[in-house]
Amino acid sequence: MAEHPEITYIGCARCGTQIAGLDGRYACSGCGWVNEWTEGHRPLPAAGRRRPQVAPRPQQP
């Protein structure tokens with residue numbers, strides 16, 4: 001059973017805005033700061049574990 005990502009919170013290292021991320025990976029929408037992906041709380045999933053893309057629904061005329 002795969003674990004679900006945990007929502008984590010931190011103050012932005014550049015501007016101090018409170019931001020949320022998944023498993024310790026953050027991106028600030030206020031100033032554009034992004035932390036290094038290796039700083040996350042657990043490894044990223046392997047490419048083979050990704051869910052298949054769902055085809056978009058056709059638009060109605």
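How many salt bridges does a search of the whole structure find? The answer is 1, where a salt bridge is a side-chain nitrogen of Lys or Arg within 4 Å of a carboxyl oxygen of Asp or Glu. Before I go on, this is a predicted model, in which local features need pLDDT of at least 70 and side-chain atom pairs count only at pLDDT 80 or more, while totals for chains, interfaces and linings use all residues. Residues are numbered from 1 along each chain as its sequence is written, and side-chain values use heavy atoms, with hydrogens and water left out.

The salt bridge joins Arg42 to Asp23, with the closest N and O atoms 2.9 Å apart. Both residues lie in the segment after strand 2, so the pair ties together parts that are 19 residues apart in sequence; strands here are DSSP runs of E, at least two residues long, numbered from the N terminus. Asp23 is buried, at 10% relative accessible area, whereas Arg42 is partly exposed, at 25% (buried is under 20%, exposed over 50%, partly exposed in between, with a 1.4 Å probe and protein chains only).

Now to the strands. Strand 1, residues 7-11, runs antiparallel to strand 2 and is joined to it by 5 bridges, pairing being defined as at least two DSSP bridges between two strands. Gly11 stands opposite Gln18 in strand 2, and the two strands form a hairpin with 6 residues between them, where Gly16 in the turn has a positive phi of about 85°.

Methods. Helices (H or I, at least four residues) and strands (E, at least two) are DSSP runs, numbered from the N terminus.
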